[in-house]
Amino acid sequence: MNDSEEFYKKLRAQLADTALWPTAYLYKFIVPTDDSKIREIEHIFDNLGAVISTKQSKNGKYTSVSINVRMKNPDSVILKYKEVASKVEGVISL
């Protein structure tokens with residue numbers, strides 16, 4: 001099992017134990033400051049009623065993207081993490 005699979009397995013267990021679903025979930029991503037990368041993350045969360053905020057780092061090299069969105073269950077949370085990781089180059093999931 002690779003590191004990301006292990007990470008998602010632990011995350012699924014934590015989410016299942018700590019929240020009543022559906023619930024609001026806060027995603028945090030760090031991306032190199034690039035409008036197309038930020039738009040791609042926003043696009044992944046389109047039509048979910050997500051509240052998205054961005055903040056550039058002090059030197060402007062990176063942008064943090066916070067997404068607060070109501071998710072159905074732990075698996076739906078993990079699917080979005082995987083989708084972002086597969087579509088947005090250089091993204092860091094927090």
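**Strands and rings**

Modeller: To start, P32 has Y62 as its bridge partner in β3. This is a predicted model, where local features need pLDDT of at least 70, side-chain atom pairs count only at pLDDT 80 or more, and totals for chains, interfaces and linings use all residues. Residues are numbered from 1 along each chain as its sequence is written, and side-chain values use heavy atoms, with hydrogens and water left out.

Biologist: What's the mean pLDDT of the protein chain?
Modeller: It's 95, and 99% of the residues reach 70 or more. pLDDT is the predictor's confidence in each residue, from 0 to 100.

Biologist: Back to strands: how many bridges pair β1 and β3?
Modeller: 10, in the antiparallel sense. Strands pair if DSSP finds at least two bridges between them; strands are DSSP runs (E, at least two residues) and helices are too (H or I, at least four), numbered from the N terminus.

Biologist: And which residue in β4 is the bridge partner of F29?
Modeller: S93.

Biologist: New topic: how many aromatic pairs are there?
Modeller: The count is 8, with rings of Phe, Tyr and Trp (its six-membered ring) pairing if their centres lie within 6.5 Å; planes under 30 degrees apart are stacked, over 60 edge-to-face, the rest tilted. One of them is Y25 with Y81, edge-to-face at 6.2 Å centre to centre and 85 degrees between the planes. Y25 is in strand β1 and Y81 in helix α3, 56 residues apart.

Biologist: Are Y25 and Y81 buried or exposed?
Modeller: Both are buried, meaning under 20% relative accessible area, with exposed over 50% and partly exposed in between (1.4 Å probe, protein chains only).
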